Amino acid sequence: MRIGGYEKTSLVDFPGRVAAVVFTQGCNFRCPWCHNRQLVEPRAFGPPIPVDDIFRHLGGRVGKLSGVVVTGGEPTLQPNLESFLARLCALGFATKLDTNGSNPAVVQKLLDRALIDFVAVDLKAPWSRYREACGVRVDTRAVQETIQLLRAQRIPHHLRTTDWAEFAPGEREEIEAIAGGSTLVWQTFRAVHLQTCG
C-alpha cells in the first residue's frame, strides 16, 4: 500500500461513525477539479507513510474510533488493499471504501470476503461526458457494474457527484436518473482546483 496521507479523526467521511481516513497514492483518472492532486500525479507524490505506522496509531484508537475510510487517489489500484482491509477488520473497525468504480472485480472480491461495510462511488458525469469529466478514456461499463454489484448485494453505499459548472441543462437530471435507487450526494464544485490534466 502506498499511503500518501492520514487523517486521525473525521466526523464527516463515514456516515454515522467517527473514523480515521487513509489516503492512497495513485489514480487512473485525471479529473480537472480533483482536490487530491498530490495523490494522483506521481510527480507530486511525497514519501509514502509506512503501513506499520498507520496500524501503530490505529491500535491505540480501538474503542475510540468506530471506522476507517480508505480513499485516494484510487484505492482499488493498490495491490495490498485486500490484506490492509483484513487487518482493519481484525482490529474491529468498520471499513468504508471510496472508489471511482473502475475496478468492479476488486470490489467484488472485497465484498466476497466481507471486508467493506460501506462504499462511496464517484459518479463523475452522464455517461456521454465521462471522458471529459475524468480527463482520460473510461470504460463506463465497469463503473455501471460496480454500482450494480453494490445494489445487488445491498451493501450500504452512496454515489457522489461534483456539481460541475460545465453541466448542460438536463444533465444533472440525467445523473439523478443514473443513480436510480442509490443515494446520490452532490458535492460542491471548487473552481480553485480546476486544472488542465496531463
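Let's start with helix 1 (residues 51-59), where Ile54, Phe55 and Leu58 are buried; buried here means under 20% relative accessible area, with exposed being over 50% and partly exposed in between (1.4 Å probe, protein chains only). These residues cover an arc of only 90° around the axis, which puts them on the same side of helix 1. That arc is taken from the directions from the helix axis to the C-beta atoms. Helices (H or I, at least four residues) and strands (E, at least two) are DSSP runs, numbered from the N terminus. The cover over the buried residues of helix 1 includes strand 1 (3-10), strand 2 (19-24), strand 3 (67-71) and helix 2 (81-90), where contact means heavy atoms within 4.5 Å.

A word on the model: it is predicted, so local features need pLDDT of at least 70 and side-chain atom pairs count only at pLDDT 80 or more, while totals for chains, interfaces and linings use all residues. Residues are numbered from 1 along each chain as its sequence is written, and side-chain values use heavy atoms, with hydrogens and water left out.

Now for the charged residues. Side chains of opposite charge can pair when their charged atoms come close. A salt bridge is counted when a side-chain nitrogen of Lys or Arg lies within 4 Å of a carboxyl oxygen of Asp or Glu, and the whole structure has 14 of them. One of these joins Asp98 and Arg160, at 3.5 Å from N to O. Asp98 belongs to strand 4 (residues 94-99) and Arg160 to strand 6 (residues 157-162), so this pair ties together parts that are 62 residues apart in sequence.

Arg160 also meets Asp122 in a salt bridge, at 3.0 Å from N to O. This second pair links distant parts of the chain, with Asp122 in strand 5 (residues 118-122) and Arg160 in strand 6, 38 residues apart. Asp122 counts as buried because its relative accessibility is 15%, and Arg160 is buried with a relative accessible area of 15%. Through shared partners, salt bridges join Lys96, Asp98, Asp122, Lys124 and Arg160 into one network. Within it, Lys124 pairs with Asp122, their closest N and O atoms being 3.9 Å apart.

Stay in strand 6 and you will find Thr162, which counts as buried at 11% relative accessibility. Its side chain makes a polar contact of 3.4 Å with the side chain of Trp33, and another polar contact of 3.4 Å joins the side chains of Thr162 and Gln187. A polar contact is a pair of N or O atoms within 3.5 Å; within protein, one must be able to donate a hydrogen and the other to accept it, and residues adjacent in sequence count only if both atoms are side-chain atoms.
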